[in-house]
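Please look over the sequence and the model before reading on. My notes follow as numbered points.

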Amino acid sequence: MTRYLLLVCLALSAQDAEVGGVRIDDAAQVGGAKVVLNGAGVRKVLFFNAYAMGLYLPKKTGTPSEAIALEGPKRISIHMLRDIGAGRFTDALNDGIKQNHSEADLKALDARVQALTATMAAIGEAKKGMTITLDWSGAATVIAIDGKPAGKPIEGADFYRALLRIWLGDKPVQDDLKKALLGGG
């Protein structure tokens with residue numbers, strides 16, 4: 001009996017992850033397709049845990065360039081661990097995009113970055129306990145708050161790759177979070 005319980009516990013721990021006190025599912029559905037948890041970690045700002053995050057891809061990879069370039073549906077799942085105003089949240093996303101792109105790339109992305117900013121502003125505050133998902137459907141980035149669509153879909157694979165570079169780019173917002181999202185944390 002004890003051996004059976006141990007096997008059950010091991011099977012459950014292999015499926016889901018827990019980071020920052022948040023359970024991160026081992027798989028998700030994006031546009032009817034299954035994506036698998038590639039990695040999960042916690043974004044820290046100064047001394048505070050800001051959010052727990054999971055990266056879902058069509059298949060697991062430990063390489064940032066492959067994770068960014070993979071075809072098919074993807075999900076960035078952000079679980080807020082504290083209240084953060086929409087302005088601060090989108091400023092941080094915008095800074096992450098700026099750090100990983102040239103001026104020409106930024107100009108090409110500008111209207112879509114503004115659409116993301118407007119959607120987040122309409123939400124107001126990213127509250128503790130809220131889950132924000134950024135899904136790549138294969139045609140557009142779909143934003144949802146606690147499972148409910150927010151704003152209009154934002155077209156362009158280049159925009160979703162820009163979002164991924166916030167955490168997986170050459171200048172990620174946090175090095176150990178990048179490592180965790182790539183399954184090394």
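Leaving aside its neighbours within four places in sequence, which residues is Gln174 in contact with? Val42, Arg43 and Lys44. Contact means heavy atoms within 4.5 Å.

1. Ground rules. This is a predicted model, where local features need pLDDT of at least 70, side-chain atom pairs count only at pLDDT 80 or more, and totals for chains, interfaces and linings use all residues. Residues are numbered from 1 along each chain as its sequence is written, and side-chain values use heavy atoms, with hydrogens and water left out.

2. Gln174. Gln174 sits in the loop between α5 and α6 (175-184). Helices (H or I, at least four residues) and strands (E, at least two) are DSSP runs, numbered from the N terminus. Gln174 is buried, at 10% relative accessible area; buried means under 20%, exposed over 50%, partly exposed in between (1.4 Å probe, protein chains only).

3. Its side chain. A polar atom of the Gln174 side chain lies 3.0 Å from the backbone oxygen of Val42. The side chains of Gln174 and Asp176 are 2.8 Å apart in a polar contact. That term means a pair of N or O atoms within 3.5 Å; within protein, one must be able to donate a hydrogen and the other to accept it, and residues adjacent in sequence count only if both atoms are side-chain atoms.

4. The sheet. An open sheet has 7 strands, in the order β3-β4-β5-β6-β9-β10-β11, with antiparallel pairing. Two strands pair if DSSP finds at least two bridges between them. β3 (27-30) and β11 (148-155) each have a single partner strand, so one side of each lacks a neighbour in the sheet.
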